[in-house]
Amino acid sequence: MLGIVGGVVALVVVGGIVAGVMMSGADGPKYKTVVPKTLVDGKYTLTKDLSDTVGAQVPRNGSYAHNMTTVGGQYQSGAKSLVLLSMYGSVSDPTEAVKQTIHGMENSGGELVVPKHEERPHGTKEPVYCGVLVKRQMGQKFTAPFCTWADSSTTGNVMETDADRIDVDPFSVDLEALAEKADRIRSEIKVPIGQ
């Protein structure tokens with residue numbers, strides 16, 4: 001079940017990042033994003049590096065994007081499956097990139113049941129935007145909370161599911177806690193170019 005859930009989630013997130021890449025600019029990136037072996041102080045362990053797979057699906061060049069690089073990974077912590085996808089380049093309009101990413105996730109078969117909320121964990125200057133998607137596949141409903149962000153160099157998407165609570169009430173999800181987790185992940189994966 002965990003593998004199936006992770007695969008379904010990955011497809012939704014890929015749809016979002018494909019849409020988001022079209023909002024990026026043409027200048028070179030100042031930062032890059034990486035796929036570490038663990039996330040959130042070691043609580044989540046990398047089970048599958050998705051970088052080659054998503055890199056082949058997301059265009060490197062488009063109307064507003066040039067030489068983009070996409071990375072990603074699937075992580076596990078007990079029954080929880082977390083999919084991380086990120087890209088780096090030069091993002092000309094971070095707000096629009098977030099908007100298009102969420103729209104892309106909806107177009108990949110997810111229903112945005114809980115609309116996006118802006119969160120600023122621990123007073124950070126860089127917000128994350130979180131919401132809850134519901135996807136139905138093979139007669140099963142999947143509740144998939146997500147957070148996404150974008151700045152002038154990077155974008156990121158985190159979506160988490162819990163195999164023990166796969167169809168949990170979307171309105172019961174603690175998005176503030178997920179935003180704090182996403183902010184932590186952002187700090188762990190974003191590094192200056194050259195490091």
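## The Arg186–Glu126 salt bridge

Arg186 forms a salt bridge with Glu126, and their closest N and O atoms are 3.9 Å apart. A salt bridge here is a side-chain nitrogen of Lys or Arg within 4 Å of a carboxyl oxygen of Asp or Glu. Arg186 sits in helix H4 and Glu126 in the loop between E8 and E9, so the pair ties together parts that are 60 residues apart in sequence. Helices (H or I, at least four residues) and strands (E, at least two) are DSSP runs, numbered from the N terminus.

Are these two residues buried or exposed? Arg186 is buried, with a relative accessible area of 4%. Glu126 is partly exposed, at 33%. The cut-offs: buried is under 20% relative accessible area, exposed is over 50%, and partly exposed lies in between (1.4 Å probe, protein chains only). Both residues belong to a network of salt bridges that links Glu126, Asp151, Asp183, Arg186 and Lys190.

## Basis of the model

This is a predicted model; local features need pLDDT of at least 70, side-chain atom pairs count only at pLDDT 80 or more, and totals for chains, interfaces and linings use all residues. Residues are numbered from 1 along each chain as its sequence is written, and side-chain values use heavy atoms, with hydrogens and water left out.

## Other salt bridges

The count of salt bridges comes to nine. One of them joins the side chains of Asp41 and Arg184, at 2.5 Å from N to O. This pair also links distant parts of the chain: Asp41 is in the loop between E3 and E4, Arg184 is in helix H4, and 143 residues separate them. Asp41 is exposed, with a relative accessible area of 58%. Arg184 is partly exposed, at 36%.

Glu118 and Arg120 make another salt bridge through their side chains, at 3.0 Å from N to O. Glu118 is partly exposed, with a relative accessible area of 43%. Arg120 is partly exposed too, at 44%.

## The chain as a whole

The chain has four helices and 12 strands. Of its 195 residues, 52% are buried. Its accessible surface comes to about 8,800 Å², and carbon and sulfur atoms contribute 49% of that. These areas come from the Shrake-Rupley method with a 1.4 Å probe; for residues, only the protein chains shown count as cover.

How much of the contact comes from residues 24 or more positions apart? Such residues account for 69% of the contacts in the chain with a separation of 6 or more. Contact means heavy atoms within 4.5 Å.

## The sheet

Eight strands form an open sheet, in the order E3-E4-E5-E6-E11-E10-E9-E8, with antiparallel pairing. The edges are strand E3 (38-39) and strand E8 (110-119), each of which pairs on one side only. Two strands count as paired if DSSP finds at least two bridges between them. Strands of a sheet pair through backbone hydrogen bonds, either parallel or antiparallel.

Strand E10 (residues 140-150) and strand E11 (residues 154-162) pair in the antiparallel sense over five bridges. In this region, Thr148 stands opposite Asn157 in E11.

## Helices against the sheet

Helix H3 (residues 94-107) packs on the sheet. Helix H3 touches E8, strand E9 (128-137), E10 and E11, and its direction makes about 165 degrees with that of E10. H4 lies across E3, strand E4 (44-49), strand E6 (80-88), E8, E9, E10 and E11, at about 50 degrees to E10. For these angles, axes are lines fitted to C-alpha atoms, for helices over the stretch in contact; angles run from 0 to 180 degrees between N-to-C directions.

Lys181 is in helix H4 (residues 175-189). Lys181 is buried, with a relative accessible area of 17%. Which residues does Lys181 contact, leaving aside its neighbours within four places in sequence? They are Val40, Tyr44, Lys80, Leu82 and Glu160.

## The disulfide

The structure holds one disulfide. Cys130 and Cys147 form it, with their sulfur atoms 2.0 Å apart; the cut-off for a disulfide is a pair of cysteine sulfur atoms within 2.5 Å. Cys130 lies in strand E9 and Cys147 in strand E10, 17 residues apart.

Why is this disulfide right-handed? The torsion about the S-S bond of Cys130 and Cys147 is about 105 degrees, so the disulfide is right-handed. Cys130 is buried, with a relative accessible area of 0%. Cys147 is buried as well, at 1%.
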